[in-house]
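Here is a friendly walk through one protein model. Have the sequence and the structure open as you read.

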Amino acid sequence: MASLAEDLISLIGAARVSSTPEDLVTHSTDKWFASHPPEVVVHAESAEDVSKVLKYANEHKIPVTPQGSRVGYVGGAVPLRGGIALSLARMNKIVEINIADGVAIVEPGVITGDLQAAVRELGWFYPPDPASLKECSLGGNVATNAGGPRCLKYGVTRHYVLGLEAVLADGSIVKAGGRCHKNKTGFDLVGLMVGSEGLLGVVTQATLRLIPHPPMRAMLSAGFATFAEAANAVQRILNAGFLPSALEIADKFTLKAAREYLGESVTPLGDAHLLVEIDGQDESVKGELVTLAKLVRELGCVSLEEALGEEACERFWKLRREFSYSLRNTGLIKLNEDIVVPRSRLVDLVEFAEGLQAECGFPIASFGHAGDGNIHVNIMVLSMDDPVLRERAEAALDQLFRKVIAWDGAITGEHGVGIAKNRWFPEALSAEALDMHSRLKKALDPNGILNPGKFVA
């Protein structure tokens with residue numbers, strides 16, 4: 001649509017508007033397998049750019065799909081209805097780091113790992129740590145309320161967003177919250193926007209809470225003969241009074257893929273892996289590590305390695321962060337479902353996954369955040385283009401999500417709903433909660449231009 005591109009160029013300039021075939025293809029998808037090209041890509045460089053584009057789009061009822069780094073797993077950044085792909089990647093400045101106030105002010109295109117590194121140099125800490133932290137953007141983290149392994153102790157993205165600047169569908173620029181660490185002034189508009197997946201507004205700046213970086217870290221990497229033994233260790237560690245910064249678990253298929261991708265020498269023995277991280281002051285961490293290692297040995301692990309200090313711990317984390325890449329290395333499509341179950345259901349979940357694997361004929365790999373019950377269940381499919389395989393995969397997903405809902409679990413812990421989980425969304429919430437979602441969407445986006453085709457119309 002040349003006229004759409006020309007109108008946008010007249011609004012914000014030719015350097016920020018593109019309709020080249022390469023750009024349209026690039027901005028048609030994220031890391032999920034679905035794609036749909038936009039008609040135009042806008043590379044916004046300021047809140048004013050976003051405001052002008054949304055005001056125009058709202059007046060002409062043109063779909064707008066906000067995009068960050070496009071590394072999401074649920075198709076949330078796919079422009080299902082065409083229109084405008086609104087990229088925020090160029091808005092990538094760390095505006096301010098203020099240690100006295102304990103805040104960082106960032107634009108949405110800042111890469112999460114870059115902010116972590118910048119504040120770490122000052123002895124401070126931004127804890128949310130998605131596995132994709134080297135490539136995901138903070139705007140995307142805010143949009144999905146991203147988590148990561150450290151959620152057990154430190155919480156998710158929402159716990160660190162003190163203030164936001166967001167542009168609404170009509171082009172209004174709204175500022176909510178601020179730089180105070182406590183603020184109960186009016187409704188929680190910040191909380192409303194965090195996790196809204198671009199359906200209610202476009203975040204153009206975030207004020208994030210920072211905390212002092214713990215001076216010492218330590219880790220245990222334990223192999224267990226069975227997943228049930230590793231899951232039992234999770235409960236025993238917590239019952240013993242430990243609150244690890246991370247408690248990660250992995251199953252047999254995940255470890256097999258890691259051994260093939262990384263080699264036997266860097267993966268633990270056994271058919272289940274437990275990764276435990278603690279942090280704090282030097283002497284207390286050293287003492288806790290001794291006690292924790294003794295407990296894990298008593299629980300029957302078949303292998304145990306210890307790490308003390310930043311560099312040693314990062315070697316353990318490298319293995320954990322390579323799990324997704326190890327699974328991709330199998331050549332199969334990884335349907336990565338970030339479901340959450342009550343922690344007491346961990347063994348039930350993996351037993352259910354093993355039964356589902358036998359029934360559907362697809363390998364299933366389960367790993368993730370055992371401390372908060374957020375396990376990534378990956379159904380490994382040869383192709384989603386083959387109608388027969390796709391139908392079998394969809395049937396397996398139906399069984400998985402309905403079981404999770406029956407257990408009072410959640411269909412997503414950190415990736416979001418997007419397209420991938422759209423069909424289970426009505427089952428996951430009550431009728432009244434669904435109605436409330438619809439009312440909020442209609443109030444803030446009456447013409448339905450923001451990220452249309454996703455879980456709230």
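In helix α9 (residues 252-262), the buried residues are F253, T254, L255, A257, A258 and R259. Buried means under 20% relative accessible area, exposed over 50%, and partly exposed in between (1.4 Å probe, protein chains only). Helices (H or I, at least four residues) and strands (E, at least two) are DSSP runs, numbered from the N terminus. The buried residues of α9 pack against β13 (246-250), β14 (272-280), α11 (310-321), α12 (323-328), β17 (364-369) and β18 (374-381), where contact means heavy atoms within 4.5 Å.

At the N-terminal end, D251 caps α9, with a side-chain oxygen 3.5 Å from the backbone nitrogen of F253. After α9 comes G263, with a positive phi near 105°.

## How to read the model

This is a predicted model: local features need pLDDT of at least 70, side-chain atom pairs count only at pLDDT 80 or more, and totals for chains, interfaces and linings use all residues. Residues are numbered from 1 along each chain as its sequence is written, and side-chain values use heavy atoms, leaving out hydrogens and water.

## N374 in strand β18

Now to one of the strands that α9 packs against. N374 has its place in strand β18. Is N374 buried or exposed? With a relative accessibility of 4%, N374 counts as buried.

The N374 side chain reaches the backbone oxygen of D338 at 3.1 Å. Leaving aside residues up to four places away in sequence, N374 touches D338, I339, V340, G368, H369, G413 and E414.

## Aromatic pairs

How many aromatic pairs does the structure hold? There are seven aromatic pairs. Rings of Phe, Tyr and Trp (its six-membered ring) pair if their centres lie within 6.5 Å; planes under 30 degrees apart count as stacked, over 60 as edge-to-face and the rest as tilted. The W32 and F33 rings have centres 4.4 Å apart and planes at 40°, so this pair is tilted. W32 counts as buried at 16% relative accessibility, while F33, at 29%, counts as partly exposed.

F401 and W424 form a stacked pair, 4.0 Å centre to centre with 25° between the planes. F401 lies in helix α14 (residues 387-406) and W424 in the loop between α14 and α15 (425-428), so the pair ties together parts 23 residues apart in sequence. Both F401 and W424 are buried.

Note on methods
Polar contact = N/O pair within 3.5 Å; in protein donor to acceptor, adjacent residues only side chain to side chain.
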